[in-house]
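Student: I am new to this structure and would like to go through it with you. Could we begin once it is on the screen?
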Amino acid sequence: SHPLRLYVLEVSAMAFGLLTLIGLGGVILRRFTNTKIRMVTTITDWILFAMLLAQTVSGIAVALFHPWGSSWFASNLSPYLWSVFLLDPDVSFVSAMPHLVKFHILLAFLTIGFFPFTRLVHVLVAPNPFLWRKRQVVRWYRNR
């Protein structure tokens, strides 16, 4: 009902999506170009980075090609997410959505399902010691 609020929300969400894409690209580039980091990066890390990159790109694409998501999300996808939360998924809310939105939803569920099988799951440990611990020094005692 307030167009200014809708514009601010859409522009800020697009800005955050683009910043996420830039940051994720920097992380992937750093892992790929730095040999020390590349040696400790596992295949599951690369799969998760690919999934996050695809998720971010698809989110930006949804925002570009199907705008005003903050208004249609409330009427179409909120009831679907509520039905998933109640363990009685009703896909009729999603069936009318465009394929790009369906891909974005599917990839979100796949990413959430794959995340526990990566080393990055340790970030979720509470209390989170990663926030205040000293930097880890890795020493190699064998030939690389």
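Predicted model: local features only at pLDDT ≥ 70, side-chain atom pairs only at ≥ 80, totals over all residues.

Student: Understood. How far apart are the end C-alpha atoms of helix 3, and what span should its residues give?
Tutor: Helix 3 covers residues 43-65, and its end C-alpha atoms are 32 Å apart. At 1.5 Å a residue, its 23 residues should span 33 Å, so the two values agree.

Student: Which residues of helix 3 are buried?
Tutor: The buried residues are Asp45, Leu48, Phe49, Met51, Gln55, Thr56, Ser58, Ile60, Ala61 and Val62.

Student: And what covers them?
Tutor: The cover includes helix 1 (3-33), helix 2 (35-40), helix 4 (69-85) and helix 6 (99-114).

Student: Let us take helix 1 then. How is its packing on helix 3 described?
Tutor: In general, two packed helices are described by the angle between their axes and the distance between the axes. For helix 1 and helix 3, the axes come within 10 Å and cross at roughly 155°.

Student: Are helix 1 and helix 3 roughly parallel or antiparallel?
Tutor: An angle over 145 degrees counts as roughly antiparallel. Helix 1 and helix 3 are therefore roughly antiparallel to each other. The crossing of helix 1 past helix 3 is left-handed.

Student: Which residues make the contact?
Tutor: From helix 1, the contact uses Met14, Gly17, Leu18, Thr20, Leu21, Leu24, Val27, Ile28, Arg31 and Phe32. From helix 3, the contact uses Trp46, Phe49, Leu52, Leu53, Thr56, Val57, Ile60, Ala63 and Leu64. By class, the contact of helix 1 with helix 3 holds 15 nonpolar, 3 polar and 1 charged residues.

Student: What does Ala61 touch?
Tutor: Ala61 touches His66 and Leu100, not counting residues up to four places away in sequence. Ala61 and Leu100 are 39 residues apart in sequence, while their C-alpha atoms are 7.8 Å apart in space. Ala61 lies in helix 3, and at 15% relative accessibility Ala61 counts as buried.

Student: Turning to helix 6 itself, which of its residues are buried?
Tutor: In helix 6, the buried residues are Val101, Ile105, Leu107, Thr111 and Phe114. The buried residues of helix 6 pack against helix 3, helix 4 and helix 5.

Student: How far apart are the end C-alpha atoms of helix 6?
Tutor: They are 22 Å apart. At 1.5 Å a residue, the 16 residues of helix 6 should span 22 Å, so the values agree.

Student: A change of topic: what about the loops?
Tutor: Most residues other than glycine have a negative phi. Trp68 has a positive phi of about 60° although it is not a glycine. Trp68 lies in the loop between helix 3 and helix 4, and it is partly exposed with a relative accessible area of 35%.

Student: Where is Leu87, and what is its phi?
Tutor: Leu87 sits in the loop between helix 4 and helix 5 (92-95). Leu87 has a positive phi of about 60°, although it is not a glycine. With a relative accessible area of 76%, Leu87 is exposed.

Student: How far is Leu87 from Phe103?
Tutor: Leu87 and Phe103 are 16 residues apart along the chain, and their C-alpha atoms are separated by 21 Å.

Definitions and conventions
Residues numbered from 1 in each chain as written. Heavy atoms only, no water. Helix = DSSP H or I, 4+ residues; strand = E, 2+ residues; numbered from the N terminus. Expected span 1.5 Å × (residues − 1). Buried < 20%, exposed > 50% of the residue type's maximum accessible area, 1.4 Å probe, protein only. Contact = heavy atoms within 4.5 Å. Axes fitted to C-alpha atoms, helices over the stretch in contact; angles between N-to-C directions. Parallel < 35°, antiparallel > 145°, perpendicular 65-115°, else oblique. Left-handed = near helix turned anticlockwise from the far one by under 90°. Nonpolar A, V, L, I, M, F, W, Y, C, P; charged D, E, K, R; others polar.
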